[in-house]
Amino acid sequence: MKHVVAATMMAALMAAPLAARGPAGASISGSYVEARTAEVFTGGCIMNGEAATTGREALLVWKVDRGSFDGVSLNGLAVVAAIAGDQNLGIREIGGESPSYVRAVIYIDERATPAAEKALVKMVDEASRGLITEVVEVRRVPVRFDSTDHAVNVSAGDATLAVTRHMHHDPNCGAMKWFSPFTRLDDAMMGITDAQSYSGTALDSRWSDPHKRSAFVGTFTLSPQASVTN
C-alpha cells in the first residue's frame with residue numbers, strides 16, 4: 001500500500017508543472033527570418049551613417065512548425081509583420097533611445113481560422129517583445145515560406161523577402177555585428193538580404209532594400225504561458 005501511495009504522489013508531482021503551463025501544446029516552435037533597412041554586420045563608419053537615417057523599417061516572419069498559442073493550434077501557419085518606426089529600430093542597442101512609435105501591418109496565412117488569426121496577432125506582439133506600438137492593419141493573404149539549407153524566400157501580400165543563410169564575416173574596415181534579432185532565437189545566424197520590399201500604403205512608408213547584410217535567420221521556441229510557472 002505504501003508503494004502505491006508513493007507512486008501516486010510522485011505522479012502528481014511530475015504532472016504539476018505540466019498543469020501549470022496550461023493546455024497541452026502551449027509551447028510553439030518554428031522558423032524565423034527578419035530583414036531591416038540597415039546593415040546588422042558592417043563597419044563603424046557605415047553604421048554611424050545609417051543609425052540616424054535608415055533602419056526604421058523591417059520585415060519579420062514566423063513560420064510555425066508545431067504548437068498552440070492561447071490554446072489554438074497554429075501548426076503549419078505563417079505570419080509576416082511589416083513594421084515602420086519613427087527612428088532606427090535597433091538604435092537602443094548602440095546607445096540611442098528606443099523608437100517611440102512603431103506601426104505594423106500583419107499578414108496572416110489565409111488558411112488560418114478566425115481563432116488562429118487572433119492567436120497569431122497576439123503571438124507576434126509577444127514574440128517581438130513589445131517592439132510594436134500599433135497594429136494598423138491585419139490582412140489575410142496567401143503566405144509563401146520556402147526554406148532550404150541555403151536560403152529563405154517569403155511572399156505575403158505587399159511584402160517580399162529573400163535571404164541567403166550563409167554570410168561571410170569579413171572583418172575589413174572593422175566590420176562587426178551591431179544588432180540582435182527582434183525575437184529570441186535558439187540558433188540565430190546573420191544572412192544576406194537578396195530582396196526586401198514593402199509596397200503597401202498602410203504604413204505611410206514603402207521600401208525596397210536589397211543586397212545588404214541586414215538579416216537574421218533561425219528557429220524559435222515560444223512558451224506563452226511560461227510566466228504561470230514563475
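**Aromatic pairs, charged contacts and burial in a predicted model**

The structure holds two aromatic pairs, a pair being rings of Phe, Tyr or Trp (its six-membered ring) with centres within 6.5 Å, stacked if the planes are under 30 degrees apart, edge-to-face if over 60 and tilted otherwise. The rings of Y32 and W62 are tilted, because their planes stand at 55° with the centres 5.2 Å apart. Y32 belongs to strand β1 (residues 28-36) and W62 to strand β3, so this pair ties together parts 30 residues apart in sequence. Y32 is buried at a relative accessible area of 1%, and W62 is buried at 0%; buried denotes under 20% relative accessible area, exposed over 50% and partly exposed in between (1.4 Å probe, protein chains only). Y198 and W207 form a tilted aromatic pair, with 5.1 Å from centre to centre and 35° between the planes. Both Y198 and W207 are buried.

The model is predicted, with local features requiring pLDDT of at least 70 and side-chain atom pairs pLDDT 80 or more, whereas totals for chains, interfaces and linings use all residues. Residues are numbered from 1 along each chain as its sequence is written, and side-chain values use heavy atoms, with hydrogens and water left out.

The protein has three helices and 14 strands, taken as DSSP runs numbered from the N terminus (helices H or I, at least four residues; strands E, at least two). Of its 230 residues, 45% count as buried. Among contacts (heavy atoms within 4.5 Å) between residues at least 6 apart in sequence, 73% join residues at least 24 apart.

E57 is found in strand β3 (residues 57-69). E57 is buried but has no salt bridge, and R56, the nearest side chain of opposite charge, is 6.1 Å away. The side chain of E57 makes a polar contact of 2.9 Å with that of T37 and another of 3.3 Å with that of S205. A polar contact is a pair of N or O atoms within 3.5 Å; within protein, one must be able to donate a hydrogen and the other to accept it, and residues adjacent in sequence count only if both atoms are side-chain atoms. Beyond four places in sequence, the residues touched by E57 include R36, L89 and W207. The charged end of R36 sits over the ring of F182, 3.8 Å from the ring centre, the criterion being NZ of Lys or CZ of Arg within 6 Å of the centre and within 35 degrees of the ring normal.

The count of salt bridges comes to eight, each requiring a side-chain nitrogen of Lys or Arg within 4 Å of a carboxyl oxygen of Asp or Glu. One of them joins D204 and R103, with the closest N and O atoms 3.1 Å apart. D204 lies in the loop between β12 (189-198) and β13 (207-208) and R103 in strand β6 (residues 102-109), so the pair ties together parts 101 residues apart in sequence. D204 is exposed at 69% relative accessibility, and R103 is partly exposed at 22%. R140 forms a salt bridge with E117, the closest N and O atoms being 2.8 Å apart.

A215, in strand β14 (residues 212-222), is buried with a relative accessible area of 0%.

Terms used. Lys, Arg positive; Asp, Glu negative; His and termini not counted.
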